Amino acid sequence: MLGAFLITWREGIEAFLIVGIMLTYLYKIGQGRHGRYVYAGTAAALAASLVFAYFSNLLEAAFQGIGQDLLHAAILGLATVVLTQMVLWMHHHARELKGQLQTRTDEAIATRKLWGIAFLAFLGVFREGVETVLFLWGLVLQTRTSLMAAGPLAGGLSGLVLAVLTTWLFFKGFGHLDLRAFFRVTGILLCIMAAGMLASAAGRLIAAGILPPLIEPLWNTSWLLDERHMPGSLFSGLFGYRSHPSLMEVLCYTLYFPVTLLLARWYTARMTAARP
Amino acid sequence: MRLMRLMRALIATAGSLLILSASPAIAGPGHDVEIRLTLKDHRFVPAEIRVARAVKVTLIITNADATVEEFESPALNREKLIPPGQTITLFLRPLKPGVYEFFGEFNPKTATGRLIVE
């Protein structure tokens, strides 16, 4: 029961953190009513996860061979791009908001950005969705054959509920931060998540034999943080932590930050120049 | 130089043949090996695999259970979902001697195994 609970709790937090950031962000800039875009993305991801899990028998190609690695790499790569765009946009706004009224964002928030937010929520949830649905469905099947499995199923479901509550409480805490502090904290958090996704995408391509690992493993930090237990498994899911990373993954992770910083400068310069 | 290389290759082949004939679970250097594992009752069968160093290992894992499992190994830097009844393939680089543990993320207490590189 505890095992199933911990699994869905962790997967849930991994999935809902981005959703929480997007919702809190919209709320903070006085655009809470646009939260429905985030909910729509989340709902679409849940539906897609259910469909994907249901047809997993037919989609054998997606799991066998390198299909699964390519699929994961695609989702993670796409999520990195969308997340980075969102960070750049939020960073730019944080600068804009200095000494300005929040209402200015009213005009700045274009429908295209809202679809971007919906898409990001979709990717964030779908990334963990298929796995979690398959896991829970397995527990349902076991419960049908023996009542002994009712405990794990209850654990799995309550883990998911608690994940929603945990994320909600986490962002409730953010309510006290002023806007600029919120931007800074979530900006850094999202950047670390994006770097982790990029490195994980690289890891999947290495597993598929498409990217060279260069040196593997570069080091072993399992004595410090082990992915097999909490909190190592949560760090692995949220921030892309690996105890035995390859040089390629480490390069992707570390190079992500200076590249994004340069992009942020370029983005701000372009946006400032575009304004009359 | 070429003779040296040929000699080395011959010795390696002879050595691996010797090892192979001595124990079918161990594969010699220079050979790619395929190892098949089955997940049954949330356990890996076999739970322990031995290979020689410098061998390219392909792990083929079939999930014979009715529930999903995720193969995970921080030491091998691999994770992969195995839906019920399905088979996955993991391509591993030639490994240094050592013990590489792996486990099923959804049943970490029972589904554990080790790849021993000698």
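Trainee: In which loop of chain A does A:Pro231 lie?
Mentor: Please note that this is a predicted model, in which local features need pLDDT of at least 70, side-chain atom pairs count only at pLDDT 80 or more, and totals for chains, interfaces and linings use all residues. Residues are numbered from 1 along each chain as its sequence is written, chains are lettered from A and ligands numbered from 1 in the order in which they are written, and side-chain values use heavy atoms, with hydrogens and water left out. Helices (H or I, at least four residues) and strands (E, at least two) are DSSP runs, numbered from the N terminus. A:Pro231 falls in the loop between α8 (179–207) and α9 (232–239) of chain A.

Trainee: What is omega for the cis peptide bond that joins A:Met230 and A:Pro231?
Mentor: The bond between A:Met230 and A:Pro231 is a cis peptide bond. Its omega is about 0°.

Trainee: Is A:Leu214 buried, exposed or partly exposed?
Mentor: A:Leu214 is also placed in the loop between α8 and α9 of chain A, and its phi is near 70°, a positive value in a residue other than glycine. Buried means under 20% relative accessible area, exposed over 50%, and partly exposed in between (1.4 Å probe, protein chains only). With a relative accessible area of 49%, A:Leu214 is therefore partly exposed.

Trainee: Are α1(A) and α7(A) roughly parallel or roughly antiparallel to each other?
Mentor: The axes of helix α1 (residues 2–28) and helix α7 (residues 150–174) of chain A come within 7 Å and cross at roughly 30°. Such axes are lines fitted to C-alpha atoms, for helices over the stretch in contact, with angles from 0 to 180 degrees between N-to-C directions. Angles under 35 degrees count as roughly parallel, over 145 as roughly antiparallel, 65 to 115 as roughly perpendicular and the rest as oblique. The two helices α1(A) and α7(A) are therefore roughly parallel.

Trainee: Where is the kink in α6(A) centred?
Mentor: Helix α6 (residues 111–145) of chain A has 35 residues, which at 1.5 Å a residue should span 51 Å, and its end C-alpha atoms are 49 Å apart, in agreement. That expected span is 1.5 Å times one less than the number of residues. The bend at a residue is the angle between axes fitted to the seven residues ending there and the seven starting there. In α6(A) there is a kink of about 40°, centred on A:Gly129.

Trainee: Which pattern does chain B follow along the sequence?
Mentor: Chain B has 118 residues, of which buried residues make up 48%. It has one helix and nine strands. Read along the sequence, the pattern of chain B is α-β-β-β-β-β-β-β-β-β.

Trainee: What is omega for the cis peptide bond that joins B:Val45 and B:Pro46?
Mentor: B:Pro46 is placed in the loop between β2 and β3 (48–51) of chain B. The cis peptide bond from B:Val45 to B:Pro46 has an omega of about -5°.

Trainee: How far apart in space are B:Arg43 and B:Leu90, C-alpha to C-alpha?
Mentor: B:Arg43 is found in strand β2 (residues 43–45) of chain B, and at 46% relative accessibility it counts as partly exposed. B:Arg43 and B:Leu90 are 47 residues apart in sequence, and their C-alpha separation in space is 18 Å.
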